[in-house]
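This report goes through one protein chain, from its overall build down to single residues. Please keep the sequence and the 3D view open while reading.

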Amino acid sequence: MEPLELVDTETQPAPSDRKLNATVAITVALLATFMGICKVKDDNINQSMQQAQANRVDHWAFYQARNVREEVAKATVVQLKLAAAGRSGAEQANYQDAIKQYEALAQEQGRKKAESRVDAENDQKTYDAANFRDDQFDLSDALLAIAISLLAVTALTQLWALYFVGLVPTAFGVLMGLSGL
C-alpha cells in the first residue's frame, strides 16, 4: 500500500462515526434553534418584569403622596376646628364649610391611597409571576448549554454513550423551556 493511501483511509471517519457526527450536528442545530426561540420569549418576560417593577414603584410613590395629602387635610381640619371655636355665628358657618371641604378631601385621598396600595401589590404579583417564568428560561438555558458542551465532547471522542449522557440535560432543558413558553 502506498503511504498516501494509508493517510486517506485513516483520515476518513468510519460510517458509524459519520452517523454520530451527523446526529450530534442535528441535535445541536435543533437545540440552538430552540434556545433562540426561548431567548425571544425570555426577553419579552424581562421587559414585562421591568414594566411591573416600574409600575410598582410608581404606585407606591402615589400611595405616599396620597398619604401626605390626607394627613395635611386632616391637620387642616383640626386647625380649622380650633380656629372656629371662638368665632361668631357668621364666621362659624364659613369655618364649617371649609372643614367639610377638607374632610371630603381627606376621605378622597384615603380612598385613592387604598387604590394605589392595591395597584402596587398587584404589580408585585405580576412581577413575581413573570420572575418564576424567567427562572424557567434561565434554567433551560443553563441545561442546554451543558448539553451542547457534552455534545461537542461527543463529536471529539466519538462515543455514543456520551451522546446519550448529553441527552439528559437536553431533555430537562427542553422541558424547562417548554414550561416557560
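## Basis of the report

Helices (H or I, at least four residues) and strands (E, at least two) are DSSP runs, numbered from the N terminus. The model is predicted: local features need pLDDT of at least 70, side-chain atom pairs count only at pLDDT 80 or more, and totals for chains, interfaces and linings use all residues. Residues are numbered from 1 along each chain as its sequence is written, and side-chain values use heavy atoms, with hydrogens and water left out.

## Overall build

The protein chain contains four helices and zero strands, so its pattern along the sequence is written α-α-α-α. Its C-alpha trace spans about 125 × 25 × 15 Å along the principal axes. The radius of gyration (taken over C-alpha atoms) is 34 Å, whereas a compact globule of 181 residues would have one near 16 Å. That globule value follows a rule: 2.2 Å times the number of residues to the power 0.38.

Contact means heavy atoms within 4.5 Å. Among contacts between residues at least 6 apart in sequence, 82% join residues at least 24 apart.

Accessible areas come from the Shrake-Rupley method with a 1.4 Å probe; for residues, only the protein chains shown count as cover. The accessible surface of the protein chain is about 11500 Å², and carbon and sulfur atoms account for 61% of it. Buried means under 20% relative accessible area, exposed over 50%, and partly exposed in between (1.4 Å probe, protein chains only). Of the 181 residues, 25% are buried.

## The nonpolar core

A nonpolar core is a set of buried Ala, Val, Leu, Ile, Met, Phe, Trp, Tyr and Cys residues joined through side-chain atoms within 4.5 Å. The largest one has 13 residues, and those with the most contacts inside it are Val24, Leu31, Ile45, Leu151 and Tyr163. Helix H2 (15-84) and helix H3 (89-157) each supply at least two residues of this core. H2 gives the most, with seven residues.

Leaving aside residues up to four places away in sequence, Ile45 touches Ala130, Arg133, Asp134 and Phe137.

Gln109 lies in helix H3. Is Gln109 buried or exposed? Gln109 counts as buried because its relative accessibility is 5%. Beyond residues up to four places away in sequence, Gln109 touches Arg66, Arg69 and Glu70.

Asn122 is also placed in helix H3. Asn122 has a relative accessible area of 34%, so it is partly exposed. The C-alpha atoms of Asn122 and Thr27 are separated by 42 Å, and the two residues are 95 residues apart along the chain.
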